[in-house]
Amino acid sequence: MMFAASGQNDKDRRIQQLYFVLFGIMTLLLVLPVLIILTTLVVKGGPALSIDFLFTKPTNGMTAGGIFPALLGTIWLVLVALLFSVPLGVAAAIYLSEYAPENVFTRIINLAIINLAGVPSIVHALFGVGAFVIFFRFGTSILAASLTLGIMTLPVVIVATRESLQAVPQAFREACWNMGATRWQTIRRVVLPNAVTGILTGIILEVSRTAGETAPIMFTGAAFFLPFLPQGVLDQTMALSLHLFVVSTQVPDMPEHLPFGVALVLIGIVLIMNSVSIALRMYLRGKKKW
Amino acid sequence: MWKGVLAEFATQESNAAPAAIRTRDLNLWYGTFQALFDINLNVRNGIITSLIGPSGCGKSTFLRSVNRINERLGYVRIAGSIDVMGNNIFAPDVELLQVRKQVGMVFQRPNPLPLSIRDNVLFGHRLHEANKAAENDVVEKALREVLLWDKVKDRLNQPAIGLSLEEQQKLCIARLLPVKPRVLLMDEPCSALDPKGTEAVEELIWELRGDYTILIVTHNMAQARRASEECVFMLMGKVVEHTATDTMFVTPENKETADYIEGRYG
């Protein structure tokens, strides 16, 4: 019989099954912590959630009431950080992808961007204190904290933008150049419109990253507790991530459900943002025509 | 025999006629690799000239020098001169965009932009002119010129990517026309097409001669023979032979040309 299994076949198949099971278990182990964290948060923090929890101030030494100032503060911090890092990051990525010649200088810049992404957030925090709080005299403020966050998340924007620019086929650019389009006309009319979806998803990912950071804002603009809401970018603010740290570790007699509730809101924001990013990417990929 | 003599005569006369593309001692290097050696070529105005030769002989490199799109690769070095319609394209006061406008290029793979048919045709026009009122006329004229108007006039606002490859390639030619080029460079414009598409595009190229000077790179001997009036045979970065197409395919002067045409290498 020409196609009968040989002994070697059986051995190969057993090894193949072994690896299949092994890798399957590894993957499961990867998902398990996420599932455990999420279910714990939902079970323990779920009861704390209510409209009031989201939209009232903390009371009674933060052991009761809601998280509105922290929620609002996080939104402030994220928006101001985006205002700074998105134009800068997108412009830098356009330069690097569309204009920059391939030389030592460009390679150094790219290396710097990779390294910027690897700098520990506490180092960014101290840089923020030195540069924005003290040198530029912004004081501990939303502005200083957001700029610190913005610098920290710049690599996310730059890398996402550059990747989506480079995903636009070179043939489109050549077509434009051969009709006498300048580089900028080419970018403006063809490259950017076809890259904008990738850039958007990058920005949304940056939002979720920015919202969760604690260290960079601790010394630069976020406060443990404030009796008032921020009125402008030079005010201090509360923030969800720091608030979570405070209610978990710094306040005695804290009811258990409250920190879990804060954590649930924080992780909810991050997960929603990531889902929006993924959904947007899938939707727009479906619409792509090349 | 008479045919050969007549063709010879035509070529001699052509040397006196004004050249659309005229190169003098053109040498080109990619880094340290020399791709073109002392190219001296007169491409006659208003006719179709085909560039043939084995892969890597420099025909595409030459083509891509004529609108200076090669220079985008930072490591290209060029010596010698290329005149297009009597003007040196390497002169210091030359505006690269003007060169690209005057010398259009059609690529091997049709590369319509991810826009509607109409917007593809108008892309170049809109870059250089703000005249909105003329747009409908521009679209119709360009599409008529490439024999596409009757097929697409009812779906101008549909994405160009929905056209067949043959139609896409015609569209890619059509969108060059509103910027009024003098020379059209074509880099194996039919190699992505099926035989029927090839025939249709060849027919179009034949129609366009006279209004435009056309320089076409092809691997396809039969195509060179059918669809060009003069033929340049290149080998190892040098021009081996440049004569009327009929002459080259009947009585080639050089042994290399004869061997290549007869398919002994390639």
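Predicted model: local features only at pLDDT ≥ 70, side-chain atom pairs only at ≥ 80, totals over all residues.
How many cavities of 30 Å³ or more does the structure hold? The answer is one.

The largest cavity has a volume of about 40 Å³. Its lining is made up of Thr74(A), Leu77(A), Val78(A), Leu149(A), Thr210(A), Ala211(A), Glu213(A), Ile217(A), Ala239(A) and Ser241(A). Two elements of chain A, helix H3 (68–99) and helix H8 (183–212), each give two or more residues to this lining. The greatest contribution is that of H3(A), with three residues. In terms of class, the lining of the largest cavity divides into six nonpolar residues, three polar and one charged.

The largest pocket holds about 560 Å³ of space. It is lined by 21 residues, and those nearest its centre are Ser97(A), Glu98(A), Ala100(A), Pro101(A) and Glu102(A). Which elements give two or more residues to the lining of this largest pocket? They are H3, helix H4 (104–118), helix H6 (142–166) and helix H7 (170–177), all of chain A. As with the cavity, where H3(A) gives the most, H3(A) gives the most to the lining of the largest pocket, here with four residues. The classes in this lining are eight nonpolar, six polar and seven charged residues.

The second largest pocket has a volume of about 330 Å³. Its lining comprises 17 residues, of which Ala160(A), Ser164(A), Gly198(A), Thr201(A) and Arg281(A) are the closest to the centre. The elements that supply two or more lining residues here are H6, H8 and helix H11 (257–287) of chain A. The largest share, seven residues, comes from H8(A). H8(A) is also among the elements that give two or more residues to the lining of the largest cavity. By class, the second largest pocket is lined by seven nonpolar, six polar and four charged residues.

Four strands of chain B form an open sheet, in the order S2-S1-S4-S5, with antiparallel pairing. Strand S2 (33–44) and strand S5 (87–88) of chain B stand at the edges; each has a single partner strand, so one side of each is left without a neighbour in the sheet. For S2(B), eight bridges join it to strand S1 (residues 19–30) of chain B, and the two run antiparallel. Within S2(B), Gln34(B) stands opposite Trp29(B).

Is Glu135(B) buried or exposed? Glu135(B) has a relative accessible area of 6%; the cut-off for buried is under 20%, and Glu135(B) is therefore buried. The side chain of Glu135(B) makes a polar contact of 3.3 Å with the side chain of Arg118(B). Leaving aside residues up to four places away in sequence, Glu135(B) touches Arg118(B), Leu122(B), His125(B) and Arg126(B).

How values were computed: Residues numbered from 1 in each chain as written. Chains lettered and ligands numbered in written order. Heavy atoms only, no water. Buried < 20%, exposed > 50% of the residue type's maximum accessible area, 1.4 Å probe, protein only. Polar contact = N/O pair within 3.5 Å; in protein donor to acceptor, adjacent residues only side chain to side chain. Contact = heavy atoms within 4.5 Å. 1 Å grid on protein atoms, 1.4 Å probe; cavity = no way out; pocket = protein on both sides within 12 Å on 5 of 7 lines; lining within 4 Å. Points joined across faces, edges and corners; volume = space filled by probe spheres on them. Nonpolar A, V, L, I, M, F, W, Y, C, P; charged D, E, K, R; others polar. Pairing = 2+ DSSP bridges.
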